[in-house]
Amino acid sequence: MGSKQGRTYSPAWRAGTKLFFPALIKSIMKRDWSGYQHFPRQGGMIVAANHLSYADWPAMALFSYRAGRYPVFWIKSSAFKVKGIGALLRGCGQLPVHRGEADAALVLKVSEEALAGGDCVIIYPEGTATRDPQQWPMVAKTGVARLALSTGVPVVPVAQWGAQDILPYGTTKPHLVPRKTVHMLAGPPVDLHEFEGKPLTRDVLRGATDAIMADITALLAELRGEQPPAAPYDPAAARRAARARSAADGQEPASQTKTSSGTDPREATPT
């Protein structure tokens, strides 16, 4: 077994994924990708990206691999219990994220070890696919900022667009014919100097998180050729507003105002 700072993985599993998955992923999507030069060739790094669809995962995995870095994702811990899939995830050194608040911090500790060992850790800061009606990035959780500031590794922002056309979020039937184009654009590492060396207070973590998401949103605006909203969509505020409207109308909140939490293997990003 390979080892990075006490965390084990199987070189054979990783070698197998390199042989099998790139060709498979290429077969299901066209690619318009750029920005590989912003990925450090070695050393620990974080990739932070917007999240649109289950199809984000294979696209991002291949993008990272093409940039010369083996992808290590934050993935919901329950996925590791699925027969076959769990063995693959463990063998490749993927990082389980636990949903309980006490256990959620475990992924930060293991991620610090992974980064110290030179891994490329991929995080979707929103924690789930965006609920913004126009599919812009929404308010993100602060786990990515905490990890970045505690380790000092670079955070490379990546925007992606088009994976939702292959597999719209909430559906299980992919649209593979004709092949859709997935656009991906990486930018230079996020400038977090303003927050470095400060106590990791709520304000510092929120400020750093917002800086990361601002860079991702700007890259997505470039990909889409559109102007993003002045402020990101806040699902918690939307739920509160829905409850207030329902209370005023004497009705229960509509089910679509609730955030899904049991399906996406990346929905457990620590706050």
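Author: Buried means under 20% relative accessible area, exposed means over 50%, and partly exposed lies in between (1.4 Å probe, protein chains only). This is a predicted model, in which local features need pLDDT of at least 70, side-chain atom pairs count only at pLDDT 80 or more, and totals for chains, interfaces and linings use all residues. Residues are numbered from 1 along each chain as its sequence is written, and side-chain values use heavy atoms, with hydrogens and water left out.

Reader: Thank you. Is Q160 buried or exposed?

Author: Q160 counts as buried, because its relative accessibility is 1%. Q160 belongs to strand β8, residues 155–161; helices (H or I, at least four residues) and strands (E, at least two) are DSSP runs, numbered from the N terminus.

Reader: And which residues does Q160 touch?

Author: Leaving out residues up to four places away in sequence, those touched by Q160 include N50, D56, M60, Y124 and H183. Contact means heavy atoms within 4.5 Å. A polar atom of the Q160 side chain lies 2.7 Å from the backbone oxygen of N50.

Reader: What about S53, where is that?

Author: S53 sits in the loop between β4 (45–49) and α2. S53 is buried, with a relative accessible area of 0%, and its side chain reaches the backbone nitrogen of A55 at 2.9 Å.

Reader: Let us turn to helices. How do α1 and α2 pack?

Author: Helix α1 (residues 11–28) and helix α2 (residues 56–66) pack at about 120°, with their axes 10 Å apart. That makes α1 oblique to α2: angles under 35 degrees count as roughly parallel, over 145 as roughly antiparallel, 65 to 115 as roughly perpendicular and the rest as oblique. Axes are lines fitted to C-alpha atoms, for helices over the stretch in contact, and angles run from 0 to 180 degrees between N-to-C directions.

Reader: Which residues of α1 and α2 make the contact?

Author: K18, P22, I25 and K26 of α1 meet P58, L62, Y65 and R66 of α2.

Reader: How do α5 and α7 cross?

Author: The axes of α5 (residues 143–151) and α7 (residues 202–224) come within 8 Å and cross at roughly 100°. The two helices, α5 and α7, are therefore roughly perpendicular to each other. Their contact involves V144, A145, R146 and L149 of α5, and V204, L205, A208, T209 and I212 of α7.

Reader: Which residues in α5 are buried?

Author: In α5, the buried residues include G143, V144, A145, L147, A148 and L149. After α5 comes G152, whose phi is positive, near 75°.

Note on methods. Polar contact = N/O pair within 3.5 Å; in protein donor to acceptor, adjacent residues only side chain to side chain.
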